[in-house]
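Student: Could you take me through how to read the features of a structure, one at a time, starting with how exposed a residue is?

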Amino acid sequence: MRGPRPEDFETNPSTPITGQPTPSYPAGARKKGVGVRTWLVLCSRGQAQTTEVGKHAIMRRTGLPARDLRILDPLLSYPSTVLGRERAIVINLEHIKAIITAQEVLLLNSKDPSVAPFIDELQRRILCHYRATKPKEEENYEGETRMSMDQAQGGAAGTPLLFGDEAKKDAKQSLENQDGSKVLPFEFVALEACLEAASSSLESEAVRLELEAHPALDKLTSKISTLNLERVRQIKSRLVAITGRVQKVRDELEHLLDDDEDMAEMYLTEKLAQKLENSSASSMNESDTVEVDLPEGDEDDRIPAEFASESNRDESYLRADDDAHDLLMSAHSALSRNSRGTHTSSTRSAMTNKFDVEELEMLLEAYFVQIDGTLNKLSTLREYVDDTEDYINIMLDDKQNHLLQMGVMLTTATLVMSAFIAVAGVFGMNINIELFNDDKAGPMRFAWTVIGGFIGSIVLYVGAIGWWKQKRLLE
């Protein structure tokens with residue numbers, strides 16, 4: 001049978017390659033692309049919005065590579081993971097799969113009933129954080145507006161600009177509460193909610209398992225049955241599973257606490273503020289450069305003023321060298337980010353020295369202690385299960401020993417009875433002896449013979465048992 005000819009296929013006008021058919025899609029097939037999932041977006045104001053976006057849109061929005069998004073794929077089984085990246089934090093803790101940025105939180109499995117309490121708690125914390133930082137942000141915004149107007153009006157008069165430590169101090173004022181107490185950054189508020197939800201979930205499962213395990217184990221020690229053994233087997237399987245999950249979360253937190261560079265990567269708000277500060281500084285440097293490039297006539301007029309003193313000339317040269325160095329460093333960092341997507345080890349070590357990770361370290365240590373307590377509770381339960389198992393094995397061994405002793409006694413009795421039966425078989429032979437003669441022996445001699453053989457068998461049995469007990473083969 002001849003197949004279809006190339007000219008029978010319809011070609012795509014955009015790619016007119018003869019002989020290649022244009023794929024036909026069913027209705028609605030292109031409506032939802034590959035990798036499109038439903039995400040719940042919680043902004044910094046506490047407002048929630050559900051949206052359907054693809055993987056590439058999430059990558060552009062958060063700056064995460066594809067390998068980090070695979071960690072959140074519900075079809076793949078990944079252990080608990082907390083990753084700090086340039087612009088986002090990836091959270092995969094138990095039932096919580098989220099991406100935290102400096103301004104919003106993206107939740108993947110928001111329709112899961114077990115995630116609904118976490119969403120409510122997270123929204124409440126974000127709203128409280130917004131209310132705590134909102135007055136300061138408004139004051140800072142008004143102050144910056146007035147400062148920019150003053151700088152615009154007094155720029156020609158030589159009004160000094162605020163950069164460096166003063167600008168950084170103003171950028172961090174929004175993280176202070178009205179009463180002066182420090183407020184956690186947005187990403188740490190969301191991270192704390194995720195850690196608390198995961199640790200609380202694991203602790204509740206551990207407590208529930210402990211409440212089920214103790215009665216089942218006590219019942220098994222009192223009565224060994226197939227039903228009780230099956231219940232204990234199921235409890236032990238659940239114990240092993242939850243212990244592995246808790247151990248993985250504990251190892252992840254311990255890894256973060258041991259690595260200051262990973263903790264420094266999670267300071268998203270400070271990195272964003274630093275980027276804004278650097279961009280504003282670079283823009284002001286560009287404006288200063290434009291002001292320096294004056295016409296020739298003006299340059300001739302300003303030459304005596306610029307070279308009035310030798311110290312001013314040296315300072316101008318040093319400032320120009322510093323600006324050139326900053327431009328080179330920013331270009332190098334931009335090239336490294338574009339080429340690799342993450343900081344190199346030198347950049348990360350510099351970031352670690354710049355950011356104080358004590359705040360995040362205290363936050364992680366609190367939940368590390370809680371997870372470690374849950375793991376100790378599970379370890380204690382595991383030891384109780386092992387002790388009960390050893391006790392059951394001892395009881396079974398004791399019963400097996402009793403059965404073996406009973407078997408030895410029955411075997412000995414069978415041996416003695418076999419000897420008595422052998423005597424009866426001898427008398428059953430067709431021989432002529434006085435015992436079979438009624439005139440000489442009579443029934444009394446036959447009765448004494450049977451009774452004597454029976455008594456002899458009993459004496460032989462008791463002697464054998466006594467000898468075995470003397471040799472400690474029987475209790």
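Tutor: Take Glu121, which counts as partly exposed because its relative accessibility is 26%, and the cut-offs behind that label are under 20% for buried and over 50% for exposed. Please keep in mind throughout that this is a predicted model.

Student: Which residue forms a salt bridge with Glu121, and how far apart are the closest N and O atoms?

Tutor: The partner is Arg125, and the closest N and O atoms of the pair are 2.9 Å apart. Both residues lie in helix 3, which spans residues 116-154, and they are four residues apart, about one turn of the helix. Arg125 is buried, because its relative accessible area is 14%, whereas Glu121, at 26%, is partly exposed.

Student: Which residues are linked with Arg125 in a network of salt bridges?

Tutor: The network links Glu121, Arg124, Arg125, Glu192 and Glu196. For the structure as a whole, the count of salt bridges is 17.

Student: Where do Glu254 and Arg250 lie, and how many residues apart are they?

Tutor: Glu254 and Arg250 both belong to helix 6, residues 226-258, and here again the spacing is four residues, about one turn of the helix. They form a salt bridge whose closest N and O atoms are 3.3 Å apart. Glu254 is partly exposed, with 31% relative accessibility, while Arg250 counts as buried at 17%.

Student: With which other residue does Arg250 form a salt bridge?

Tutor: Arg250 also forms a salt bridge with Asp372, and in this pair the closest N and O atoms are 2.7 Å apart. This pair links distant parts of the chain, since Arg250 is in helix 6 and Asp372 in helix 12 (residues 358-427), 122 residues apart.

Student: How should I read a polar contact, and which side chain does Asp262 meet in one?

Tutor: The side chains of Asp262 and His255 are joined by a polar contact of 3.3 Å. Asp262 is found in helix 7, residues 260-265, and it is classed as buried because its relative accessible area is 17%.

Student: Let us turn to a strand: is Leu106 buried or exposed?

Tutor: Leu106, which lies in strand 6 (residues 104-107), is buried, because its relative accessibility is 0%. When its neighbours within four places in sequence are left aside, Leu106 is in contact with Trp39, Leu40, Val41, Ile58, Lys97, Ala98 and Ile99.

Student: Where is Asn109 found, and which residues is it in contact with?

Tutor: Asn109 sits in the loop between strand 6 and helix 3. Its contacts, again leaving aside neighbours within four places in sequence, are with His95, Lys97 and Val115. Asn109 counts as buried because its relative accessibility is 18%.

Student: Which residues form the nonpolar patch on the surface?

Tutor: The patch is made up of Met444, Trp448, Ile451, Phe454, Ile455, Ile458, Val459 and Val462, which together have about 850 Å² of accessible area. One of its members, Val462, lies in helix 13, residues 443-470, and counts as exposed because its relative accessibility is 51%, where the cut-off is over 50%.

Student: How many disulfides are there, and how exposed are Cys43 and Cys128?

Tutor: The count of disulfides comes to zero, a rule that asks for a pair of cysteine sulfur atoms within 2.5 Å. Cys43 is partly exposed, with a relative accessible area of 21%, and Cys128 is partly exposed as well, at 39%.

Student: What do the totals for the chain come to?

Tutor: The secondary structure amounts to 13 helices and six strands. Of the 475 residues in the chain, 29% are buried. The chain exposes about 30,600 Å², of which carbon and sulfur atoms supply 56%. As for contacts between residues at least 6 apart in sequence, 66% of them join residues at least 24 apart.

Definitions and conventions. Residues numbered from 1 in each chain as written. Predicted model: local features only at pLDDT ≥ 70, side-chain atom pairs only at ≥ 80, totals over all residues. Heavy atoms only, no water. Helix = DSSP H or I, 4+ residues; strand = E, 2+ residues; numbered from the N terminus. Buried < 20%, exposed > 50% of the residue type's maximum accessible area, 1.4 Å probe, protein only. Polar contact = N/O pair within 3.5 Å; in protein donor to acceptor, adjacent residues only side chain to side chain. Patch = residues over 30% accessible without salt bridge, like charges linked within 9 Å, V, L, I, M, F, W, Y side chains within 5 Å. Areas by Shrake-Rupley, 256 points an atom, 1.4 Å probe, with all protein chains shown as cover. Salt bridge = Lys/Arg side-chain N within 4 Å of Asp/Glu carboxyl O. Contact = heavy atoms within 4.5 Å.
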